[in-house]
Amino acid sequence: MLSTHAQRSTSATANAAEYLTFRLGQEEYGIDILRVQEIRSYEQPTRMAHAPEFIKGVIDLRGVIVPIVDLRLKLQCETADYTDFTVVIILNVGGTVLGAVVDAVADVVALPAEAIKPAPQFQGRVDSSFVRGIATVGERMLIVVDIESLLSSSEMGLVKSAASA
């Protein structure tokens, strides 16, 4: 028979969702692991004419044309340097496969829903609508991202048109 504490921690683990953590600049972000298909090293995509700056182009992933979105540019990070640690996270977002360029992938963490605190709301130009919340993992602060909200519907249309081009 499990103790009450053991029962609580077992149910807390059952309610925890897993997040892939990655770095953009000095910040660490988390994305729902269920959206992740694979992680690849960065390769120069084929540029698409008239695409926004944050859409770096497309790659051929085993016969599927996949648009590549640089999250560092999308989130207006100070720099977007390509290093040996730069990777592309292949995601399935709303039925669309796309690649997200990030500085580095860290690890996978399990977070119970109550560990994710609401993000502060800012007035003005800061768009925090894509931030699901903030979690503390050990000594680290983790910005939990809703990738579907991050790319607006008009931008998803651009991504889909890039994928079908």
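This is a short talk through one predicted protein model, from its overall layout down to single residues.

Hi everyone, and thanks for coming. Some ground rules to begin with. Residues are numbered from 1 along each chain as its sequence is written, and side-chain values use heavy atoms, with hydrogens and water left out. Since the model is predicted, local features need pLDDT of at least 70 and side-chain atom pairs count only at pLDDT 80 or more, while totals for chains, interfaces and linings use all residues.

Let's start with the whole chain. The protein chain has four helices and ten strands; helices (H or I, at least four residues) and strands (E, at least two) are DSSP runs, numbered from the N terminus. Along the sequence, the order is α-β-β-β-β-β-α-β-β-β-β-β-α-α. Of the 165 residues, 41% are buried. Buried means under 20% relative accessible area, exposed means over 50%, and partly exposed is in between, with a 1.4 Å probe and protein chains only. Now contacts, meaning heavy atoms within 4.5 Å. Among contacts with a separation of 6 or more, 55% are between residues 24 or more positions apart.

Next, the inside. In soluble globular proteins, nonpolar side chains tend to be buried together. A nonpolar core here is a set of buried Ala, Val, Leu, Ile, Met, Phe, Trp, Tyr and Cys residues joined through side-chain atoms within 4.5 Å. Which residues of the largest core touch the most other members? They are Phe22, Leu71 and Leu91, in a core of 27 residues. Elements that each supply at least two residues to this core include β1 (16–24), β2, β9 (131–137) and β10 (140–145). The largest share, four residues, comes from β6. Leucine 91 itself touches several residues beyond four places away in sequence, including Ile31, Val97 and Ile147.

Stay with Phe22 for a moment. Phenylalanine 22 is buried, at a relative accessible area of 3%, and tyrosine 29 is buried as well, at 9%. Their rings form a stacked aromatic pair, 5.8 Å centre to centre with 15° between the planes. For the definition, rings of Phe, Tyr and Trp (its six-membered ring) pair if their centres lie within 6.5 Å; planes under 30 degrees apart count as stacked, over 60 as edge-to-face and the rest as tilted. The structure holds two aromatic pairs.

On to strand partners. Two strands pair if DSSP finds at least two bridges between them. Strands β9 and β10 run antiparallel, joined by six bridges, and isoleucine 134 stands opposite isoleucine 143 in β10. The hairpin of these strands has two residues between them, and there glycine 138 takes a positive phi near 65°. Five of the seven residues of β9 are buried, so this strand is largely enclosed by the rest of the structure. Strand β10 also joins β2 through three bridges, and that pair runs parallel. There, isoleucine 31 stands opposite valine 145 in β10.

Last stop, the loops. Histidine 50 lies between β3 (36–41) and β4 (55–61) and is exposed at 83%. Its phi is positive, about 65°, although histidine 50 is not a glycine. Arginine 62, in the loop between β4 and β5 (64–70), also has a positive phi, near 50°, and is exposed at 64%.

That's my tour, so please ask away!
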